[in-house]
Amino acid sequence: MVSERCIICGRFKNEGIEILDKFICAECEETLVNTDICDSMYDMYKELIKKGIYSCQAEGL
Ligand SMILES: [Zn+2]
């Protein structure tokens, strides 16, 4: 199984979920799931996904 880079912690992990083609490792997923503030979590997701997309483009991927 190929490791994927988590868009939150930036580490390569095997276990996790994909949201909009962006990978979030199991540890970060658990952190987010345990976050009570849904609105903040949603904003954070959006920002992280944007950053993930931008960083991929910057790297020429
Ligand atoms: Zn992570």
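These are my notebook entries on a predicted model of one chain.

**Ground rules.** I number residues from 1 along each chain as its sequence is written. Because the model is predicted, I take local features only at pLDDT of at least 70 and side-chain atom pairs only at pLDDT 80 or more, while totals for chains, interfaces and linings use all residues.

**Confidence.** I looked up pLDDT, the predictor's confidence in each residue, from 0 to 100. The chain has a mean of 77, and 72% of its residues reach 70 or more. Strand β2 (residues 12-13) has the highest confidence, at 95. Helix α2 (residues 38-58) has the lowest, at a mean of 67.

**Layout.** I count helices and strands as DSSP runs, numbered from the N terminus: helices are H or I with at least four residues, strands are E with at least two. The chain holds four strands and two helices. Along the sequence the order is β-β-β-β-α-α.

I call two strands paired if DSSP finds at least two bridges between them. Strand β3 (residues 16-19) and strand β4 (residues 22-25) run antiparallel and are joined by four bridges. I noted one of the partners: Ile-19 is bridged to Lys-22 in β4. Two residues lie between the strands of this hairpin.

**The loop.** Leu-20 is in the loop between β3 and β4, and Asp-21 is found in that loop too. I checked phi for both. Leu-20 is not a glycine, yet its phi is positive, about 50 degrees. Asp-21, also a residue other than glycine, has a positive phi near 70 degrees. Most residues other than glycine have a negative phi.

**Burial.** I use C-beta atoms placed from the backbone: a residue is buried if 20 or more others lie within 10 Å of its own, exposed if 12 or fewer, and partly exposed in between. Of the 61 residues of the chain, 15% are buried.

**The core.** By nonpolar core I mean a set of buried Ala, Val, Leu, Ile, Met, Phe, Trp, Tyr and Cys residues joined through C-beta atoms within 7 Å. The largest one has six residues: Cys-6, Ile-7, Ile-8, Ile-24, Cys-25 and Cys-28.

**Contacts.** I count two residues as in contact if their C-beta atoms, placed from the backbone, lie within 7 Å. What does Cys-25 contact beyond its neighbours within four places in sequence? Its contacts there are Cys-6, Cys-9, Arg-11, Lys-13, Glu-15 and Gly-16. Ala-26 lies in helix α1 (residues 26-33). Not counting residues up to four places away, Ala-26 touches Lys-13, Glu-15 and Gly-16. Ala-26 has 13 other C-beta atoms within 10 Å, so it is partly exposed. Its C-alpha is 9.2 Å from that of Cys-6, 20 residues apart in sequence. For the chain, I noted that residues 24 or more positions apart account for 16% of the contacts with a separation of 6 or more.
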